[in-house]
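Biologist: I would like to learn how to read a model of this kind, feature by feature. Could you take me through the one shown here?

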Amino acid sequence: LCQIVGLACLAGFVVDIFAISFPPNLGELQWRIGFMQQISDRSIILLFGLALVMYGMLDFRRWRRRLALFCLILGVIFNLSSILVIRDGIAFQQQAMTNISNQATQAQAQIDKAKANPGAVPNVTPEQLKQVSQVLGNQVTALKESAKTTTLKTGVSSVGNLVIVGLAMIGLGQYGARPPKN
C-alpha cells in the first residue's frame with residue numbers, strides 16, 4: 001500500500017515538473033525563478049512519496065540502500081540549489097530596481113521637458129507639473145519597496161522549502177542506509 005501511494009506521488013511529481021519545465025529556457029532569469037519556485041512548492045510531495053516508498057521497501061535491503069543513496073544525493077542537490085535561488089533572487093531584484101529607475105527617469109525627463117517649454121503642453125500649469133513630479137517620486141519609492149518585499153518573500157519561501165526538504169531527504173537517506181532492527 002505504501003509503495004503504491006509513494007510511487008503515485010513520485011509519478012505525479014515527475015509529471016508536474018516535466019509540465020512546468022517545458023519548454024526549458026535556462027538562460028532566462030524569470031524562467032529559472034519560476035521553475036525553482038514550483039519545485040520548492042511541490043517538493044513536499046516528492047519527500048512524502050520517497051518516504052512511503054522507503055517504508056514499503058524496508059525488507060528489501062538492496063533496493064532500500066539504492067533509494068537511500070538517491071535520497072542523500074537529492075537532498076544535497078536541493079540544499080545546493082537554494083544557493084542558485086538566492087543568487088537569482090538578488091539578480092532579479094536588481095533588474096527590477098533598474099527597470100523602475102529607468103522608467104522613472106524617462107517620465108521625469110518628459111516632465112522636465114514640459115517644464116522647460118510651457119507652451120508645448122497646453123492647459124498644464126507649472127504647479128501641476130511639480131505635483132506630478134512629486135507623485136512620480138512617491139510611486140517610484142513605493143514600487144521599489146514592493147519589489148524588494150516581494151522578491152524577499154518569494155526567495156525566503158523557496159529557499160526555506162528547498163533547505164527543509166533537502167535536509168529531510170538527507171535524513172531519509174541516512175535512515176534507509178542503516179541496517180534494519182531485528
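Modeller: Let us begin with a single residue, bearing in mind that this is a predicted model. Thr105 lies in helix α3, and with a relative accessible area of 52% it is exposed. Thr105 and Val140 are 35 residues apart in sequence, while their C-alpha atoms are 10.0 Å apart in space.

Biologist: Which helix holds Lys113, and is Lys113 buried or exposed?

Modeller: Lys113 lies in helix α3, which covers residues 61-116, and Lys113 is exposed, with a relative accessible area of 65%. Along the chain Lys113 is 45 residues from Ala68, and the C-alpha atoms of these two residues are separated by 67 Å.

Biologist: What is the mean pLDDT of the protein chain, and which helix has the lowest mean value?

Modeller: The mean pLDDT of the protein chain is 89, and 98% of its residues reach 70 or more. Among the elements of the chain, helix α4 (residues 126-177) has the lowest mean, 90, whereas helix α1 (residues 2-21) has the highest, 93.

Biologist: How should I read the packing of two helices, and at what angle do α1 and α2 pack?

Modeller: In general, two packed helices are described by the angle between their axes and by the distance between those axes. Here α1 and helix α2 (residues 29-56) pack at an angle of about 165°, with their axes 7 Å apart. Because angles over 145 degrees count as roughly antiparallel, α1 is roughly antiparallel to α2. The crossing of α1 and α2 is left-handed, and the residues of their contact divide into 18 nonpolar, 7 polar and 2 charged.

Biologist: What lies in the loop between α1 and α2?

Modeller: Pro23 lies in that loop, and the peptide bond leading from Phe22 to Pro23 is cis, with omega near -10°.

Biologist: How does α2 pack with α3?

Modeller: The axes of α2 and α3 come within 10 Å and cross at roughly 160°, which makes α2 roughly antiparallel to α3. The crossing in which α2 passes α3 is left-handed, and the contact of α2 with α3 is made up of 17 nonpolar, 4 polar and 4 charged residues.

Biologist: And are α2 and α4 roughly parallel or roughly antiparallel to each other?

Modeller: The helices α2 and α4 pack at an angle of about 20°, with their axes 9 Å apart, and they are therefore roughly parallel to each other. The crossing of α2 and α4 is left-handed.

Biologist: Is Cys71 buried or exposed, and what is the relative accessible area of Cys2?

Modeller: Cys71 counts as buried, because its relative accessibility is 0% and the cut-off for buried is under 20%. Cys2, by contrast, is partly exposed, with a relative accessible area of 24%.

Notes: Residues numbered from 1 in each chain as written. Predicted model: local features only at pLDDT ≥ 70, side-chain atom pairs only at ≥ 80, totals over all residues. Heavy atoms only, no water. pLDDT = per-residue confidence, 0-100. Helix = DSSP H or I, 4+ residues; strand = E, 2+ residues; numbered from the N terminus. Buried < 20%, exposed > 50% of the residue type's maximum accessible area, 1.4 Å probe, protein only. Axes fitted to C-alpha atoms, helices over the stretch in contact; angles between N-to-C directions. Parallel < 35°, antiparallel > 145°, perpendicular 65-115°, else oblique. Left-handed = near helix turned anticlockwise from the far one by under 90°. Nonpolar A, V, L, I, M, F, W, Y, C, P; charged D, E, K, R; others polar.
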